[in-house]
Amino acid sequence: MHILIFGASGHVGSGLAQHLSADHRITGIVRSQPEAKTPYTPVVVPEWVERPQTVVDELGRVGTPPVDAVIAAVGGWYVDISMIARGVDSFDADYGSYLRGHFAACAVSEALAEAGGSDRIRHLTLNGVASVEPCAGSGAISVFGAAQEMLLRVAAEETDSVHYRELKVMAPIAGDDRNDLSGGVETIGLTTVAEAVIDIVSRPEDHELSTQLNV
Ligand SMILES: NC(=O)c1ccc[n+]([C@@H]2O[C@H](COP(=O)([O-])OP(=O)(O)OC[C@H]3O[C@@H](n4cnc5c(N)ncnc54)[C@H](OP(=O)(O)O)[C@@H]3O)[C@@H](O)[C@H]2O)c1
């Protein structure tokens, strides 16, 4: 498959690219040119969130094969003071890096489907445990993570050309230093996440819109 990853420079995106690149062609849409070698082919589209059509245009310009699947690993993570105390500017910023990016990734999948060239596009979004459990210190991520599932449900209702799916990883993903692992918190390895991702995008018909991956 030719798989497009948004958030390819992030912890999950780059880890997935590393695991999937042996068997699949991986293109990472990035906002700036990576400085080091990457496990994906970077395609720089600085304004992909504001102008999703530019992704389709740029892929056409560089001449990549049709896209089969889109993975949105956009977001971020922190543990801080309470959501309300962080203030509305911080809330806006989290909306920007979370829900707004996922909205734009959906818009790219719709634009790719419209441009044609492949069967129905498979769109998989990564989400976390914070989207189902209110996470003190990462509150806005809980709010926008919960909204992320409804974003997909609405998008799925409104299209026949994209398979929208979500993978909720219900524990910290191994190797991310931002996670607080004190008290023996169990993690999920990137290999396990990559296997679940490829299972869903290979056979979307066999999966509900939202799947939870537990430890
Ligand atoms: N890390 C975990 O332990 C964990 C656990 C469960 C689920 N997840 C899920 O995995 C997904 C990715 O998490 P992660 O830990 O890999 O995050 P990350 O390392 O912080 O990476 C986030 C990526 O999102 C992109 N991004 C951030 N703000 C953006 C914006 N305003 N516009 C466009 N792109 C933006 C960044 O791209 P640039 O390089 O262009 O800035 C970066 O590549 C999230 O949905 C999260 O819920 C993560």
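In what order do the seven strands of the open sheet lie? The order is E3-E2-E1-E4-E5-E6-E7, and the pairing is parallel. Strands pair if DSSP finds at least two bridges between them. Strands (E, at least two residues) and helices (H or I, at least four) are DSSP runs, numbered from the N terminus.

This is a predicted model: local features need pLDDT of at least 70, side-chain atom pairs count only at pLDDT 80 or more, and totals for chains, interfaces and linings use all residues. Residues are numbered from 1 along each chain as its sequence is written.

E3 (41–44) and E7 (210–213) are the edge strands, each pairing on one side only. From one strand to the next, the twist averages 25 degrees. Angles run from 0 to 180 degrees between N-to-C directions, and axes are lines fitted to C-alpha atoms, for helices over the stretch in contact. E2 (residues 25–30) and E3 run parallel, joined by four bridges. Threonine 27 has threonine 41 in E3 as its bridge partner.

| Helix | Strands touched | Direction |
|---|---|---|
| H4 (residues 99–115) | E1, E4, E5, E6 | about 170 degrees with E5 |
| H6 | E4, E5, E6, E7 | about 160 degrees with E6 |

**Two helices**

The axes of H1 (residues 11–20) and H6 (residues 190–202) come within 9 Å and cross at roughly 75 degrees. The two are therefore roughly perpendicular (65 to 115 degrees; under 35 is roughly parallel, over 145 roughly antiparallel, the rest oblique). H1 contributes Gly15, Leu16, His19 and Leu20 to the contact.

Definitions and conventions: Contact = placed C-beta atoms within 7 Å.
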